[in-house]
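Here's a quick tour of the charged contacts in this one. Have a look at the model first, then read on.

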Amino acid sequence: MRPIRVAVEVPLPPETVWAELERLEDHPRWMADAIAVEFEDERRRGVGTRIRVATRIGPLRTTDVMEFTEWDSPVAMGVTHQGLFKGTGRFSLEPIDRGTRFTWTETVRFPWFLGGPIGAWAARPVLTRVWRGNLRRLQSRLTDP
């Protein structure tokens, strides 16, 4: 499956956006599909950090197990998804004239009993809408008083 990519422009420098992004425990405040984040050990930041995220999209609930494989402040963070849904994800921050372009890229593989590649293809518009909404909520969180 080709990656899903969504982006938003935030009128703040990458360092400010990163300061919010690196607080993994706060992601459920702006991610509609994330209910709670649980750390697997004492590590809270950086490559090797492992988290379990209680996730809900519509009636589907699962625990997304992720390990951070990239942590380049304030440029990018990347994960591998190791739970029911496999794949990779990456947040990238690019300085632009008006602040920061935040791009979220995900490649997700669905298990066979949820349709495999066909299930992933069918879910693509829903996931795109959810993740685009997440970025808009983050943008609001950073820019609204």
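Searching the whole structure turns up 12 salt bridges, each one a side-chain nitrogen of Lys or Arg within 4 Å of a carboxyl oxygen of Asp or Glu. Keep in mind that this is a predicted model, where local features need pLDDT of at least 70, side-chain atom pairs count only at pLDDT 80 or more, and totals for chains, interfaces and linings use all residues. Residues are numbered from 1 along each chain as its sequence is written, and side-chain values use heavy atoms, with hydrogens and water left out.

| Pair | N to O distance |
|---|---|
| Arg141 and Glu20 | 2.5 Å |
| Asp26 and Arg23 | 3.2 Å |
| Asp26 and Arg29 | 3.8 Å |

Shared partners link Glu20, Arg23, Asp26, Arg29 and Arg141 into one network. Arg141 sits in helix α2 and Glu20 in helix α1 (residues 14-21), so their bridge ties together parts 121 residues apart in sequence; helices here are DSSP runs (H or I, at least four residues), numbered from the N terminus.

How buried or exposed are these residues? Buried means under 20% relative accessible area, exposed over 50%, and partly exposed in between (1.4 Å probe, protein chains only). Glu20 is buried at 6%, and Asp26 is buried too, at 12%. On the arginine side, Arg23 is partly exposed at 29% and Arg141 is partly exposed at 32%, while Arg29 is exposed at 58%.

Definitions and conventions:
Helices (H or I, at least four residues) and strands (E, at least two) are DSSP runs, numbered from the N terminus.
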